[in-house]
Amino acid sequence: MLQWLWCFGGALAGSAVTFWGIGGLLHHHFYRRQRANAAEWKLQPKRWLTPALERQAFWLGSLNLLIGSLGSGTFAWYLRRGGWSTIYYDVHRYGYAYLMLSIPLGFFAIDATLYYSHRLLHQRTLFRYVHRWHHRYVAPTVFTTTAMHPLEILTMMFCVTVPAFVLPMHVGVYIFLIIYTYFIGMLDHSGVRINWMLPFHRDNGFHDDHHVYFHCNYGHHTQLFDRFHGTARRLDRHYDEHTFGGRGATLSDPESLPKTASGISR
Ligand SMILES: [Zn+2]
Ligand SMILES: [Zn+2]
């Protein structure tokens, strides 16, 4: 019991530092102090969440972090007790070549589970009852990263845990990939224009666009699966909340005209 409390406490502390700490500082700096200069830094300078939606995102995101910490703390406790998984602890076990190879393998394994589960969540019924919660935030902020239906946070946790039962990964590699996943999630939702030199995912406008156009750009770590499946947003197609399927509609189709304010392109 004490060991479990340590694992849960550690997970919660990590969440507190990143979500409330770093996330809070980032939010305060841009959304409070730099609000007047939004055109210089904001991906959607003319669109802001209402104070009510901001509060809702904060509390819902916090609740899900608590659920997430319970889940990840319990998983860490399970591993510490010697529970079965494909995570290994001795760096020499499969050699250094495999150790290096396992980084991109784990990276794409998590990217794949997150892409396909996200795409599934955009199926009509699941979207309406589950994933729509996360899509209430058309102009995402860092606190919307985990503001979603609790079922969705459980789905995401399942997605990042599955590779730990399939792919041999050193514990350090796995922890790095989990932190990376969380970090990218936060940057993707910050609403602040950020460019980086990461492979196949050069900026955070891709996921921000996902919140504007809904049924496209499902990828988390990369755009690779979207490019492969033709679900990356195309400028010659129309997208809105009601255009399901990931490939949009033809622009000339009158039925495809935006039906909600959120469907208006920026
Ligand atoms: Zn979505
Ligand atoms: Zn999102």
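User: What should I know about the model and its numbering?
Analyst: The model is predicted: local features need pLDDT of at least 70, side-chain atom pairs count only at pLDDT 80 or more, and totals for chains, interfaces and linings use all residues. Residues are numbered from 1 along each chain as its sequence is written, chains are lettered from A and ligands numbered from 1 in the order in which they are written, and side-chain values use heavy atoms, without hydrogens and water.

User: How many aromatic pairs does a search of the whole structure find?
Analyst: A pair of aromatic rings is described by the distance of the centres and the angle of the planes. Rings of Phe, Tyr and Trp (its six-membered ring) pair if their centres lie within 6.5 Å; planes under 30 degrees apart count as stacked, over 60 as edge-to-face and the rest as tilted. The search finds 26 aromatic pairs. In one of them, phenylalanine 30 and tryptophan 41 have ring centres 5.1 Å apart and planes at 50°, so the pair is tilted.

User: Are phenylalanine 30 and tryptophan 41 buried or exposed?
Analyst: Buried means under 20% relative accessible area, exposed over 50%, partly exposed in between (1.4 Å probe, protein chains only). Both phenylalanine 30 and tryptophan 41 are buried.

User: Why is the pair of tyrosine 213 and tyrosine 239 edge-to-face?
Analyst: Their planes are at 70°, with the ring centres 6.5 Å apart, so the pair is edge-to-face. Tyrosine 213 is buried at 7% relative accessible area, and tyrosine 239 is buried at 3%.

User: Which residues do ring pairs link into a cluster?
Analyst: The cluster consists of Phe19, Trp20, Phe58, Trp59 and Phe143.
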